[in-house]
Every structure is written in C-alpha cells, then in structure tokens.
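Please find below some notes on the model shown here.

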Amino acid sequence: MTNLHSFCCFVVYIVLIHFIASLSLITSQIHINEIANGITNNALFIFGDSTVDSGNNNYIDTIPENKADCKPYGQNGVFDKPTGRFSDGRVITDFIAEYAKLPLIPPYLKPSIDYSNGVNFASGGAGVLPETNQGLVIDLPTQLSNFEEVRKSLAEKLGEEKAKELISEAVYFISIGSNDYMGGYLGNPKMQESYNPQQYIGMVIGNLTQSIVRLYEKGARKFGFLSLSPLGCLPALRAANPEANKGGCFGAASSLALAHNNALSNILTSLNQVLKGFMYTNSNFYDWLQDKINNPTKYGFEDGVNACCGSGPYGGIYTCGGTKTIKEYNLCDNVDEFVWWDSFHPTEKIHEQFAKALWNGSLSIVGPYNLERLFNNDIKLMTIADVVDVPEIEHGF
Ligand SMILES: *[C@@H]1O[C@H](CO)[C@@H](O)[C@H](O)[C@H]1NC(C)=O
Ligand SMILES: *[C@@H]1O[C@H](CO)[C@@H](O)[C@H](O)[C@H]1NC(C)=O
C-alpha cells in the first residue's frame, strides 16, 4: 500500500517534471522569438523640444534662439559640424538609439530620409500647447500630424501588416513641457492672468494626454518619457530669479515642473490601467538632475550652477553662439566639468549619464519598465530585485 502510494507519487512527479520542462521550453522559445522580432523591428520615434531636437529647426523659419546650427554647438567633434542639437555634442536620444543598436535617428525635415528605424519630430522651443512659441516651432500637434505622414509612407513602402508591426514594436520617446512653463506661462503675463498655475498645468497635461492617446490609437504601445528638470535651476532662470539677491534657483519655475511631473506620473498610471498593452518608462529627471546640481563633484563635475557657454550671471544670458542680439559670449575651457552647456541646456555628459539611467537604471530613477526592457520586449515589471542592484548601478553614474 505504502509502496504503491510512493510509486504513484513518483510517476506523478516524473510526469510533472516533464510537463514543466516542456512548458518552459515553449515559453523560452516564445521569448526568443519575441526578442528576435523586437530586434529586427526596432524603431525609435522622438517627439519634443530642444532637449531632443536633432536638427529639425535647421529647416524652419524661426529666431536664432531656437537654432543650434553654428559653433560652439557640437564642438566636441562627435559630429563633423553643428547639427542643430542644443548640446556640445549628442543628446539623450542619440545615446538611447545607440544602446538599442539603432543608427542615429534622422530629423523628420531632413530631405530623403529612411523612416524604417524611426524618425525624430522634435523642435527646439516647442511646447505641448500650440500657443507656446506659436509660429516659431513645430508644436506637438504638428509633430503628431507629421508622424501620421510617416505612418502612411511606411504602410506604402512595407505594406499595411509590416508597418503595423513596426509601429507597435517601436518606442515613442516624448520630452516636452519646459517651454510651456518658461516662455508659455512665466514669460507670458496674459496667460498668467487667464489661468492660475493649477489650471494651466491641467491644460498642459490634458493636451499631453490627448497626444499620448492619439499615438496609442495609431498603434503605438511602448512609450518613454523624460520628465521635466528643476527648471528654476537652469542658468537662465537662476539669473532671472526675481529674488536673485537671495541667490539660488527660481522657485516658481521649479514648482511648476514638479507639479507637472506629479500630474504626468498619475496620468501614466491611469493610462496603464485603461489602455490595453500600454507600456511605459517614466523617470525622475527632476531629483536626478537636482542631485548633480547640488553635488557636482560626487558625479565627476566641478560646476552645477554656471553655463559653460553664455554670458552674465551664471552664464544665464542666452548668447551662446553669437547669433543672437548680443554677439559676445564666454566659453569655458573644459566642458566636461559642467552640468550646464548653455543658459538652458545641459552638457552631453549629462545627456549620456541620464540616457544610461533610463536604459538600465534602478527603480529609484526609472519605472515601471526601463528602456532596455521596452526595446527587448522583456515585459516583466521591474521588481524589488532592481532596487537591490542600486549601489552597483549607481556606481556607473
Ligand atoms: C547598462 O547599459 C549600458 C549600455 O548598453 C552597458 O554598457 C552597461 O553595462 C549596462 N549596465 C548594466 C548594469 O547592465
Ligand atoms: C488643450 O489646450 C487648449 C489650449 O491650447 C485648451 O483650451 C484645452 O482645454 C486643452 N485641452 C485639454 C483636454 O486640457
């Protein structure tokens, strides 16, 4: 009786082992296929402002403040000449493309480009709201219309099925909002009369949400967001601080950025619940950059306050390049010591460090997925194990 019992158990045990083994074989095969698919179809579509513009503004009629097409922009020699990136070299999405093993993502307005690895629609000075720098930039609604043109063209070239697959496997990276709060609100007394900060943030977030949903309806599933930086600590805003005699950052600007980030984070949590298959990477760029600003030496910088290129207090007068009204500007000797490249934009070194954090950083900075997982279809949510890795990963920054 007992022997029979243990024999039965033994058989059940063996059968179970086989069953589990075959299951995991099947799932690992599915997994391998997914990854293989992910790699062949990888594409990156970029929307936003000067944080990620790779040259679209070179092709539009705008003011010199919205262009970065002359030296010392791009001075570090990664590109053979200034490209329109608001940096001494590359920007965050260039690094993301590199980590995803993609070529550089071309700006939409560059003639005769290939769309099949993605396109960059971003425009320096652009906002979520069409009112922000109206007539001088490619605003977010127009960036979305341009994406629709690309989608149609892909469908013509690859066929509906293939295009659909590419669109749903691609990552959509969105970095926008700073201009709505700086020029669009704090620099615009009329807007401040019409809306209190809370109403204005509601409007920006409302429109941003509509854009995300519009992309989702076109087939986009994987999203990455660069949250807003502590805006009041940009050299330009530090210099414009009405309480400058007290020193420090422009509190009102940073508060708007923080409230925007919190609202965006809540919206993304909700979208995740209502939109089937919606996946995203969000980040805490605010705290991350504030830490670099406050403790530059801890991260390999010397200066977290002043712009390498610019003039006046903190290099906060936006003269870098000498193409604007004031022609004289100062340029630092060693850009790698600086958090800030010009009066509004961080250095390539900051772009690279944060790209790494978004790619495979810990849950304290990025979540619920990191970009590596989005690109590789490794769609496990990040877990406590990712937090345990913190000391090792943080070491890289
Ligand atoms: C994170 O990704 C970068 C870029 O691909 C790589 O060099 C680095 O080794 C990765 N770090 C970890 C901890 O996986
Ligand atoms: C979008 O922005 C416009 C102003 O450009 C505003 O009138 C409208 O209410 C906003 N939409 C949402 C959903 O918040």
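1. Val171 touches Leu44, Lys222, Gly224, Leu371, Leu374 and Phe375, leaving aside residues up to four places away in sequence; two residues are in contact if their C-beta atoms, placed from the backbone, lie within 7 Å. Val171 is part of strand β2 (residues 171–175). Helices (H or I, at least four residues) and strands (E, at least two) are DSSP runs, numbered from the N terminus. Val171 counts as buried, with 25 C-beta neighbours inside 10 Å. A residue is buried if 20 or more other C-beta atoms lie within 10 Å of its own, exposed if 12 or fewer, and partly exposed in between, the C-beta atoms being placed from the backbone. The C-alpha atoms of Val171 and Phe223 are 5.6 Å apart, although 52 residues separate the two along the chain.

2. On the source: this is a predicted model, in which local features need pLDDT of at least 70 and side-chain atom pairs count only at pLDDT 80 or more, while totals for chains, interfaces and linings use all residues. Residues are numbered from 1 along each chain as its sequence is written, and chains are lettered from A and ligands numbered from 1 in the order in which they are written.

3. For the chain as a whole, the protein has 14 helices and nine strands. Of its 397 residues, 45% are buried. Among contacts between residues at least 6 apart in sequence, 68% join residues at least 24 apart.

4. Which helices cover the buried residues of α5? Among them are α6 (189–194), α7 (197–217) and α9 (251–274). Helix α5 itself spans residues 178–186 and is mostly covered, with eight of its nine residues buried. The buried residues are Ser178, Asn179, Asp180, Tyr181, Met182, Gly184, Tyr185 and Leu186.

5. Two helix pairs deserve a comment. Two packed helices are described by the angle between their axes and the distance between the axes. Helix α3 (residues 140–158) packs with helix α4 (residues 160–169) at an angle of about 135°, and their axes are 7 Å apart. Axes are lines fitted to C-alpha atoms, for helices over the stretch in contact, and angles run from 0 to 180 degrees between N-to-C directions. α3 and α4 are therefore oblique to each other; angles under 35 degrees count as roughly parallel, over 145 as roughly antiparallel, 65 to 115 as roughly perpendicular and the rest as oblique. The crossing of α3 and α4 is right-handed, where a crossing is right-handed if the near helix is turned clockwise from the far one by less than a right angle, and left-handed if anticlockwise. On the α3 side, Arg151, Leu154, Ala155 and Leu158 meet Glu160, Lys162, Ala163, Leu166 and Ile167 of α4. By class, the residues of this contact are six nonpolar, no polar and three charged. Ala, Val, Leu, Ile, Met, Phe, Trp, Tyr, Cys and Pro count as nonpolar, Asp, Glu, Lys and Arg as charged, and the others, Gly among them, as polar.

6. In the second pair, helix α2 (residues 92–99) and helix α11 (residues 348–360) pack at about 45°, with axes 8 Å apart. That angle makes α2 oblique to α11, and the crossing of α2 and α11 is right-handed. Ile92, Phe95, Ile96 and Tyr99 of α2 meet His351, Glu352, Phe354, Ala355, Leu358 and Trp359 of α11. The contact of α2 with α11 comprises eight nonpolar residues, one polar and one charged.

7. A cis peptide bond joins Lys71 and Pro72, with omega about 10°; Pro72 sits in the loop between β1 (44–48) and α2. A cis peptide bond also joins Gly367 and Pro368, with omega about -5°, and Pro368 lies in strand β9 (residues 366–368). Ser112, a residue other than glycine, has a positive phi near 40°. Ser112 is in the loop between α2 and α3 and is exposed, with 5 other C-beta atoms within 10 Å. Asn377 has a positive phi near 55°. Asn377 is in the loop between α12 (371–375) and α13 (384–388) and is partly exposed, with 19 other C-beta atoms within 10 Å.

8. Ligand 2 is surrounded by Leu129, Pro130, Glu131, Met203, Gly206, Asn207 and Gln210; a residue is near a molecule if its C-beta atom, placed from the backbone, lies within 6 Å of it. The shell around ligand 2 contains three nonpolar, three polar and one charged residues.
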